[in-house]
Amino acid sequence: MTTLSRRALLKAGLAIGGGLLVEVSLPSAQAATAPQVFAPNAFLRITSEDVVTFILRPVEMGQGVATSHAQLIAEELGIDPAKMVVEFSPADRRYDHPVLGFQVTGGSMSTPTSWEPYRMAGATAREMMLEAASRSWGVPKSECVAEEGAIHHPPTKRSGRFGQFAEAAARLSVPDVTLRTRDFRVIGKPVPRIDSASKVDGSAVFGIDVQVPEARVAVVVRCPVPGGQVKSFDAAAAKAMSGVEQVVPISSGVAVVGKTYWHARQAAARVKVDWDEGPLATFSTAAMLETHRKLAREGGGKRVHSTGDAEAEFGRAARVLEAEYTAPFVAHAPLEPQNATAHVTDAKCEVWAPTQSPGMLHAQVKKLLGCAGEDVIVHQTWIGGGFGRRLSQEYALEAVEVSRAVGKPVKVIWSREDDMRHSPYRPAATHRVQGALDAHGRLVAWKHTVVTQSILGDVGKEWVHTMFAGAPGFMRALTAGVAVPLLASKDDTAFEGIDTLPYRIPNVAVDFIRHETGVPVLFWRSVGHSHTAFATESFVDEAAHAAGQDPVAFRRELLKYEHRHRWVLELAAEKAGWGTPLPEGRFRGVAVHKSFGSYAAAVAEVSVEDGTIRVHRIVMAADCGRVINPNLVEAQLEGAAVFGLSSALKHHITLEKGRVQQGNFHDFELIRMHESPRIECHIRHNEAPPTGIGEPGVPVIAPAVANAVFAATGKRLRDLPLTLVPAT
């Protein structure tokens, strides 16, 4: 059982309008250096009207945190999760991420960072209401129980709803609490999602659904080359169109404001703009790839991991292998287009946005308008897909700019093409991997060089300013000047998964060569693991075949001391029937990888006909510690399989003369229904602390498919997206 100190972590009091308000405080990243500072980051509110509301710190973008976090509170509180009301947290530093130090959702960290605090909130409220009931009834507290949203006293058969005791409970001192660690009643159960009904009946308000009285709609005309600027423009033809109200320049282009999206979109095509296309005007991804390969072969860069003496071991090896793998820029492409609504007045600014970081947005708006923090209000909405894209919130800042310019509430809506051609992307990367086998076919040395862009170098300045928003200006500048270059040089999003290679190889060297292109980049679902796992798991497969060994057996031997890796590998292999006969023309490939604290393995079953790769079945196994809701874990794994397969077989963003060549789902395709394989998910249950599962399913898909294609054809596909047909 876990006992937690009440003084450092909890506050309770009377909620507005009566009732119990429980705040949970976590030691934040700031608190780590200043222990006396603690920032509240979650609330549980029980009103006298018997409404139980929990405030959700992470943003809900489809991953199911509204449901899983309700389960955490409900477990200790003694209530059906479906009976609680979910309320999104406002932009407020009390809701800062306890690890990252500002209000953000990402990195598959919502569940591990909420596992104890949310249960603690429920347990504290329960104990206070039990105390209030026992005093009210004049009975021992030990004889009272909390169940189904009520306090019961079985000896006298008295019962009362939570709301009946909420106000009296709020006047009590906060008790120490002991958390349940086994015999869970709600945790671990496949309870239904609490947001399903509202999404089915349309009552859930996504960003695109926000309606503000008198709001106009704006479309922004952007430079065809990312980063380009307006030199001059002629809006006469656009202004003459019906339904068009104003055309105003903003920092990212020219905003056309209309009564409706249709009016603004039609008029936007009539705006004539003379652009300064900027430094990317001659950029091409083909030339970038040649530079990547050259840099990788020349070697050097920053050594980010070293074990043994890899260089020396290559001189003694019986056989040396070498391969290059590439991963392209890719877009996030969430289904809900980028949008936000803003209303700027002389007194304040309100913003409604589907954002993964309300706190960052709040700081950015405050900086843009030069106003006080209390004058900026950010409202979270439901989000139609994030995948990291909504960590960058230029669409919301555009809404603020336009609203300020026209003096009215404005909703900015991006088209699919706007998003595909003007988003930040997953960085392109090139890997050069060398392996040494001894005379017994054992992998004894591994040298790995990755050439890619630094995400933290690109977005770090804004993040640092946000984290140190309360510091004086000169200190922020100094911090950014030191911290951003440091973040870029040590940016482990470029090599994560390589520097912690789980295989027992005695000599390993990993180098990172930072190559900045100027193309905007950002965190993408599974971040660096999305390309490092492709390179490492493909190369391990190459080594297994070079050694004449079965790929599963080869990995199992190298993972003999990495139990959780081996468990998921063996579970996926067993469920897939590894080693058993397949239907004619089908072949299997396997991959295993750890990311964000969780372990995942996949076996892909493919066939190849006329050069077309068809994936028939994917068997996944995962270990993410204690499971809060198995349905949510399976959903995340299934989604990861489709997401990973789309990027493995279809996705790439290419640029020529600085222009992104893809624009919509016809040339940046998702896996269609008829292409989707049978997906089977298996969870290895255990009692380890829960870890995230939103991203760990993605990295294993591409290498499992590539390895299966090799088994089918004898051809090694080392470039994403995977294709057997040369590009024309």
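The structure is a predicted model: local features need pLDDT of at least 70, side-chain atom pairs count only at pLDDT 80 or more, and totals for chains, interfaces and linings use all residues. Residues are numbered from 1 along each chain as its sequence is written, and side-chain values use heavy atoms, with hydrogens and water left out.

**Cis peptide bond**

- L720 is joined to P721 by a cis peptide bond, with omega near -5°.
- P721 lies in the segment after helix 20 (701–713); helices (H or I, at least four residues) and strands (E, at least two) are DSSP runs, numbered from the N terminus.

- D50, a residue other than glycine, has a positive phi near 70°.
- The loop between strand 4 (39–47) and strand 5 (52–56) holds D50.
- D50 has a relative accessible area of 27% and is partly exposed; buried means under 20% relative accessible area, exposed over 50%, and partly exposed in between (1.4 Å probe, protein chains only).
- A333 is likewise not a glycine, and its phi is positive at about 50°.
- A333 is found in the loop between strand 17 (319–327) and strand 18 (339–344), and it counts as buried at 10% relative accessibility.

**Helix 8 and its surroundings**

- Helix 8 (residues 261–268) has A264, A267 and A268 buried.
- Viewed down the axis of helix 8, its buried residues fall within an arc of 105°, so they line one face of the helix; the arc is that of the directions from the helix axis to the C-beta atoms.
- The buried residues of helix 8 pack against strand 11 (216–221), helix 7 (236–239), strand 13 (244–250) and strand 14 (253–258), where contact means heavy atoms within 4.5 Å.
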